[in-house]
Amino acid sequence: MKRRYLKQHLFLLTVRGSALLIALAICGFFIFIFVRGYGVISWEFITEAPRDMMTKGGIMPAIIGTLYLTLGALAVALPLGVLAAVYLSEYAKEGRLLRFIRVGIRCLAGVPSVVFGLFGLGLFVVRFGFGSSILAGSLTLGFLILPTIIGASEEALKAVPRTFREASLGLGVSKWQTTTRIVMPNALPGILTGSILSIGRAAGETAPIMFTAAAFFTASLPKSIFDEVMALPYHIYVLATAGTRIAETRPIQYGTVLVLVGLVFGINIIAILLRSRARKTKRW
Amino acid sequence: MTRTLKELFIKNILLLFALVSVIILGLIVLFLFLEGLPVFEVVSVADFLFGLEWYPTYDPPDYGIWPLIVGSLVVTFFAALLAIPLGVLSAVYIAELAPGPVKEIFKPLVELLAGLPSVVLGFFGMAVVAPLLQNTFNLPTGLNIVNASLILAFMAVPTIASITEDALYSVPAEFKEASYALGATKAETIVNVVMPAALSGIATAVMLGMARAIGETMVVLMVAGGAAAVPESIFDPVRPMPASIAAEMGEAPVGSIHYHALFATGIVLFFMTLAFNLAADYISERFRETGSGTL
Amino acid sequence: MKESNHIITTENVNFYYGDFKALQDITMGFEKNRVTALIGPSGCGKSTLLRLLNRMNDLIDGTRVEGKVLFEGADIYDPRVDPVDIRRRIGMVFQKPNPFPKSIFKNVAYGPRVNGVCRKRDLDALVEKSLLQASLWNEVKDILDRSAMTLSGGQQQRLCIARALAMKPDVLLMDEPTSALDPVSTAKIEELIEELKKDYTIIIVTHNMQQAARVSDCTGFFYLGRVIEYNRTDLLFTTPEKKQTEDYITGRFG
């Protein structure tokens, strides 16, 4: 009997220990990032361009660049994703075609981000001649987040009660009108939440934009979608690995990390708040 | 009649949108091959895959990616060694042991980690873990297999934990009750009943976690050390495939042999992650069919 | 029953869910401006038949219809027929009230709006008329902008009836419309059915035999996917011809 309880305790201890270790590691990580970066961040840091070989000044162009790229990615992925989800949720019938599409979406979701980078380089930058640009980067990031947006939108569409569709169809309203006037408006909060979460992912991705959009330094802000941009994740990477002044720019690196983490989490928190508000005010 | 035609038209347009993902996937494969295959005019497939020398910028250059493949596999293996027990046990904690309020804090914490940009983790590995390793073990560099595996494991834990947790939740309560009724302790019930019942879900979680680790770029690019050689110790630096692609693509002129060699490396990487993903898919698909009825 | 008075007739209709034959050889006529009740134990096929009459079963994958369903003499399962047109003329009220999460006004105006009625004056008139017909107007005329979800269950169901009436259908199908309601609301709906049959043909599925006896002119008794007996309601309930019908209405089974 005693041995049995010993084993029980040992197992439970391991489980609790693992969870504690993970929790401590995560907390420690965030606290560390925050403490190191907090002192660096100031109004100037957010609103000024880098100076003196990146060792002074701020990161404003990188913030702007990341905003452009993320919004561009959303502009690509949102319409494609929502309409694909409408097909999957409202129109598709079980069968080979549907299975084929679903496997395709899952495989696309599993493609490593650096391979997306290669694809963007081969197709948009070289073949289409967009060069390294906001356009090429947005398209690449857009296709990267497409499976996430499809998944979130489909889930939101499927959550709309079947009775709403029946009521509308029963009135002699066509399927498309039922979809656009009843199903989609009611799925909107869910679609938005999922899309915002995927924006957070797009904002933090580095590998797909390395060869398709990101620049080490640009003298001025982008003027068109064919311009290269600076971007927060790439800025971190470059400052931390390239050049001769890695140690000198370390504070700026920590500051940029904190801004990026803050941005991504800010986006996620907006999505989470939106979701809980939508749940509270859910009208069915 | 016109309305029926219009509806049919709309349905087919929507189908096109649904097919975009498949088309993109096809284009990705097409471009990898289009830009990758030319390298085999210079080097044979066997020499490319199993060649021990990766010196693409030397004269004459060598295009053997074996060290890169080994680098990818080694860091993924050690990351798995850490991440699987930690991820699975954390999930067991959340699903079976954690009291309500603790769960309310722990779950979002893990979700936060999942949403963290990988460049930030890579940066952390460079700036914090590397000096720590270097000083503690008195190494020439802290950027090595151990560092990369640690950071990759940290990244893979949320993926493994959240999917495992779902699998544990889907184990019917009757199973647990039956076990308790036989006088089994909580630990025995978890080990002998709950975890075996959730096994395929856990396997799916592990596969997806590994797929994420092997395809991860920024972490290995920043902390694996970058040495294109087959490692001899866990403190050796390596150059996993994604790191090689990301680091060298900037310098490889478009259309050069080096450029094609990097795309060909992309082919290998693509199919390796695909294998992990399809394995995960296969396991979860089988799981759905058999359901809770089979233990 | 005179043949010419039938607005809908079914001829030798079989219906399948996949391999399962849910309806067998149904031949019935539904009289214009009358209330026809379909009764029978759960799973007997009465709801399936109802949903077949305005092609709502089309929405379920793997279903198949054999035989003919004639609406004003034309087969509604003819491949050239658009089910949307059929549903405009044959409206439906569901088991559970299912208003849209919109205002009361917008719920009633939804159908006409989609079909191109956009002048405010026309819509106002149509909404008022439909709500009057559904005897809901007096209760909601001052709160038309309020969400339909704030209404009680009985009010919601009458709103759904008003919503269906706003499409000016010829036939109204009701699928156990009071099964989710309290007795007072049920009585109101039954009164309403009595009113409505002046202008509409009503076919109602009910699990409640008293209700069938109270509101209907004709009643069909279903069992295991077949029509066992179909007759005037007063006759069916007082002198059933078949043993199974008698057993069911006297409460011996079901």
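Helix 6 (residues 153-165) of chain C packs against helix 7 (residues 183-196) of chain C, their axes 9 Å apart and at an angle of about 20°. Angles under 35 degrees count as roughly parallel, so helix 6 of chain C and helix 7 of chain C are roughly parallel to each other. Their crossing is right-handed. From helix 6 of chain C, the contact draws on C:G154, C:Q157, C:R158, C:I161 and C:L165. Helix 7 of chain C answers with C:S185, C:K188, C:I189, C:L192 and C:L196. The contact of these two helices has five nonpolar residues, three polar and two charged.

All of this comes from a predicted model. For chain A, the mean pLDDT is 89. In that chain, 98% of the residues reach 70 or more.

Now take chain A as a whole. Its secondary structure comes to eleven helices and two strands. Along the sequence the pattern reads α-α-β-β-α-α-α-α-α-α-α-α-α. The C-alpha trace of chain A spans about 75 × 70 × 35 Å along its principal axes. Chain A has 284 residues, and 56% of them are buried. Consider the contacts in chain A with a separation of 6 or more: 75% of them come from residues 24 or more positions apart.

A:L188 lies in helix 8 (residues 175-204) of chain A. Is A:L188 buried or partly exposed? Its relative accessibility is 44%, so A:L188 counts as partly exposed. A:G266 is 78 residues from A:L188 along the chain. The C-alpha atoms of A:L188 and A:G266 are separated by 21 Å.

Chain B comes next. It has twelve helices and two strands. From the N terminus on, the order is α-α-β-β-α-α-α-α-α-α-α-α-α-α. Taken along the principal axes, the C-alpha atoms of chain B fill a box of roughly 75 × 75 × 30 Å. Of the 295 residues in chain B, 54% are buried. Among its contacts between residues at least 6 apart in sequence, 72% join residues at least 24 apart.

Within chain B, look at B:H260. This residue lies in helix 12 (residues 257-290) of chain B. Its relative accessible area is 11%, so B:H260 is buried. Which residues does B:H260 contact, leaving aside its neighbours within four places in sequence? They are B:E35, B:G36, B:P38, B:V39 and B:G255.

Finally, see where chains A and B meet through a pair of helices. Helix 4 (residues 96-110) of chain A and helix 1 (residues 2-36) of chain B cross at roughly 50°, and their axes come within 9 Å. Helix 4 of chain A is therefore oblique to helix 1 of chain B. The crossing of this pair is left-handed. On the chain A side, A:L97, A:F100, A:I101, A:G104, A:I105, A:C107 and A:L108 take part. They meet B:L15, B:A18, B:L19, B:S21, B:V22, B:I24, B:L25 and B:I28 in helix 1 of chain B. How do the residues of this contact divide into nonpolar, polar and charged? The contact of helix 4 of chain A with helix 1 of chain B has 13 nonpolar residues, two polar and no charged.

Terms used
Residues are numbered from 1 along each chain as its sequence is written. Chains are lettered from A and ligands numbered from 1 in the order in which they are written. This is a predicted model: local features need pLDDT of at least 70, side-chain atom pairs count only at pLDDT 80 or more; totals for chains, interfaces and linings use all residues. Side-chain values use heavy atoms; hydrogens and water are left out. pLDDT is the predictor's confidence in each residue, from 0 to 100. Axes are lines fitted to C-alpha atoms, for helices over the stretch in contact, and angles run from 0 to 180 degrees between N-to-C directions. Helices (H or I, at least four residues) and strands (E, at least two) are DSSP runs, numbered from the N terminus. Angles under 35 degrees count as roughly parallel, over 145 as roughly antiparallel, 65 to 115 as roughly perpendicular and the rest as oblique. A crossing is left-handed if the near helix is turned anticlockwise from the far one by less than a right angle, and right-handed if clockwise. Contact means heavy atoms within 4.5 Å. Ala, Val, Leu, Ile, Met, Phe, Trp, Tyr, Cys and Pro count as nonpolar, Asp, Glu, Lys and Arg as charged, and the others, Gly among them, as polar. Buried means under 20% relative accessible area, exposed over 50%, partly exposed in between (1.4 Å probe, protein chains only).
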